[in-house]
Amino acid sequence: MEKFFDIRYEFDKEHVWNCIDRQIASGMPDYICVADGVVVNHVQRNPEYRQTVNHGMFAICDSGWVPLYLRWIYGIRRQQYCGPMIFKDIVSQGKHRMIFLGTDIQTLAALRFRLSRYNPLVMNMTFCELPFKSVDEFDYPEIAEMIEKDGASIIWIALGAPKQDYFMRRLKPYLKRGVMIGVGAAFNFYSGIEQRAPDWVIRLHLEFVYRIFQSPKKQLSRCVGILTCLPKMLWGEWRRKRLGYTV
C-alpha cells in the first residue's frame, strides 16, 4: 500500500484479489473504498470522511487522473483500477458467494441477468434494494443479519460516494465476516441502465466529460468541487515530496 493525497491506495490488482481472499479466510469483516475524483475531493475537505476511507483495508484508484498526478510529481507509474473493473473481475472469478445491495428493483433484476453471462452462479445469489434514506437511518443489525443468513463473503454496495463509504463503516461492527466493496455506478453500467464512456474516451482521461453530457447538473457540481480543491491538493503532495517523502 502507498499513501498519496491522504488516501491509502493499493494499485496492484492481483494484490487486491489476494488481500480479499486472505481477509475472507480470516473470518473478520472489512471494506474497500473505490476512490474516484469525488472521494479524493471529499477526503481533502472532510477529516471524518478521510478517516472513514482509511479505516478500511485500503482504497483502489478509480480516478484516471491520480496516476497522471503521481507521474508528474514523483515520476512513478501507477495504474487505475476502477470500480467497474474490480466488479467484473471478482464476479467473473466465481470464487465467492456474493450479495448485491443498492439501487432499485428494476436495476437489480437487469444486473442479475447480465452478470450471469460472466458467472452463471449469480442467478442464485441475493440482490437487495436498499431504501433511499440517510446513513443514520439504516437498520444495520438487520442488514448484517440478512447478510449472515445469506452466507455471502463478498458484499457489493452501490449507494454512491461518499454515502456508501459511511454505510460500510457503520455496517462493519455488525458483520461477522465478509469484505464489503463500494462500487458506485458499476451496478448501473453492468445492468445496462447507464452506459460507461467508450474505451478511447477513458484512455484520454475524458470520462468525466462523457458523464457530464449524461447527467449535467450532477456531474458539473462534482467537477466544480474537484477543481476548486485541486491546486491545494497538488501543492500539498508536491510539498510532501520536497520534505523528503519517497516512493
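Colleague: Why does K172 count as buried?

Modeller: K172 has 18% relative accessibility. Buried means under 20% relative accessible area, exposed over 50% and partly exposed in between, with a 1.4 Å probe and protein chains only, so at 18% K172 counts as buried. Mind you, this is a predicted model, in which local features need pLDDT of at least 70 and side-chain atom pairs count only at pLDDT 80 or more, while totals for chains, interfaces and linings use all residues. Residues are numbered from 1 along each chain as its sequence is written, and side-chain values use heavy atoms, with hydrogens and water left out.

Colleague: Okay, what does K172 touch?

Modeller: Leaving out residues up to four places away in sequence, K172 touches P29, D30, Y31, H55 and M180; contact means heavy atoms within 4.5 Å. K172 sits in the loop between α8 (163–171) and β8 (179–182). Helices (H or I, at least four residues) and strands (E, at least two) are DSSP runs, numbered from the N terminus.

Colleague: How do you know that the length of helix α1 agrees with its number of residues?

Modeller: The expected span is 1.5 Å times one less than the number of residues. For the 14 residues of α1 (residues 13–26) that should be 20 Å, and the end C-alpha atoms are 20 Å apart, so the two agree.

Colleague: And which residues of α1 are buried?

Modeller: V16, C19, I20, Q23 and I24. They cover an arc of only 135° around the axis, which puts them on the same side of α1; the arc is that of the directions from the helix axis to the C-beta atoms. On the other side of α1, E14 and A25 are exposed. The cover over the buried residues includes β3 (30–35), β4 (58–61), α5 (83–93), β7 (154–158) and β8.

Colleague: What makes D12 a cap for α1?

Modeller: A side-chain oxygen of D12 lies 2.9 Å from the backbone nitrogen of E14, at the N-terminal end of α1. A polar contact needs N or O atoms within 3.5 Å, and within protein one must be able to donate a hydrogen and the other to accept it; residues adjacent in sequence count only if both atoms are side-chain atoms.
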